[in-house]
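Let's take a walk through this protein together, one group of residues after another. Please have the sequence and the 3D view at hand.

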Amino acid sequence: MSFLLEADDLVRIYSGRSGLFGKAQPVRAVDGVSLRLAQGETLGIVGESGSGKSTLGRMLLGVDPAQGGSVCFDGQPMPATGSADWRGLRARMQMVHQDPLAALDRRLTIATQIREPLDIHKIGTEDTRAARVQDLMEAVGLRPDQADRYPHELSGGQRQRVVIARALASDPDMLVCDEPVSALDVSIQAQVVNLLRTLQQQTGLGMVFISHDLKVVRNLCDRVAVMYLGRIVEEGPSEELFANPRHPYTQALVSSVPEPGKRLDGRVILQGEPPNPAKRPSGCAFHPRCHMASDICRGVIPELHATGEGRTAACHLVTDATATQVA
């Protein structure tokens, strides 16, 4: 099977410092992550704040260059960040940012900003670019009379629609959406999610959807990868992963999602906060918060391994034979 995007063993390390005169310490924001994305597929990436989701998203686009591992887009290695080949490739892969007001230039009208990718990549003529902007605004639910407005004159949901329209202007093959609905009201969230689903069905683009909102991920994504402290701890088809989470961390995340008419009895409660990334625990990084941790968890780092049905998990206690019992 051919994939639109292939990432292998990605590593990104930052230099952290405790205090003004503290010693610099390496922080492994992304630590050996491998992913695959097929054309027309939506891959959800979930996890707590600080798990490395946003850094991974930027690495998949080449915005943050990998310090280890590799990224291939449409069968070709990702060009060096900032190179002419990389800038040209950006027409085929775009990003939808979390904060639309920060992503937009307050000095430019929304029509001008939606048109920017067309001007940058020299797509079409003057007339066809203007027509493309009108079509995009209509596609995302913006009115023609809003074309000359500025970002501060629009609501949060309308600004996010502008960001989506701009990302779609160059007719990309892939979108990376970084928390695109987290700052919006619930009703507007549903509108934006439905919009993304409709646009994907119409264009067949592949999408990486980064979020901490599991309800949205469950509703939108075909597959889900769960990240904890820079690593993927579980991956699998969305429906199966939510119905039968196998890794203890995934179980805790899934059990935290309230369901109408269902009591929260038996809910898995996570203890404490995620560890300091600069001082990773030995063995499995999740073991200090895991109610099932054993001696092997404290001393040996678990590898991501297949557990059947197209699923993988990084847990010493989860195998294909024990998956149902652990869940």
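Another one joins the side chains of Arg-92 and Asp-173, at 2.6 Å from N to O. Arg-92 sits in the loop between helix H2 (84–89) and E6, while Asp-173 sits in the loop between H6 and E7, so parts 81 residues apart in sequence are tied together. Arg-92 is partly exposed, with a relative accessible area of 30%. Asp-145 and Arg-149 make a salt bridge as well, at 3.5 Å; Asp-145 is partly exposed at 45%, and Arg-149 is partly exposed at 28%. Elsewhere, a network of salt bridges links Arg-115, Asp-119, Glu-126 and Arg-129.

Now turn to helix H6. Its 13 residues (156–168) should span 18 Å at 1.5 Å a residue, and the 19 Å between its end C-alpha atoms agrees with that. Of these 13 residues, 11 are buried, so H6 is largely enclosed by the rest of the structure. Among the buried ones are Arg-159, Val-162, Ile-164 and Leu-168. The buried residues of H6 pack against several elements, including strand E6 (93–96), helix H5 (126–139) and helix H7 (186–203).

Next come the aromatic rings, which form 3 pairs in the structure. The ring centres of Tyr-228 and Phe-286 are 5.2 Å apart with planes at 85°, so the pair is edge-to-face. Tyr-228 is in strand E9 (223–228) and Phe-286 is in the loop between helix H10 (248–255) and helix H11 (295–299), 58 residues apart. Tyr-228 counts as buried at 4% relative accessibility, and Phe-286 does so at 3%. Ring pairs also bring in Tyr-249, giving a cluster with Tyr-228 and Phe-286.

Finally, look at residues 323–327, where pLDDT stays under 50. Where pLDDT is low, the predicted coordinates should not be read in detail.

Terms used: Residues numbered from 1 in each chain as written. Predicted model: local features only at pLDDT ≥ 70, side-chain atom pairs only at ≥ 80, totals over all residues. Heavy atoms only, no water. Phe/Tyr/Trp six-rings, centres within 6.5 Å; stacked < 30°, edge-to-face > 60°. Helix = DSSP H or I, 4+ residues; strand = E, 2+ residues; numbered from the N terminus. Buried < 20%, exposed > 50% of the residue type's maximum accessible area, 1.4 Å probe, protein only. Expected span 1.5 Å × (residues − 1). Contact = heavy atoms within 4.5 Å. pLDDT = per-residue confidence, 0-100. Salt bridge = Lys/Arg side-chain N within 4 Å of Asp/Glu carboxyl O.
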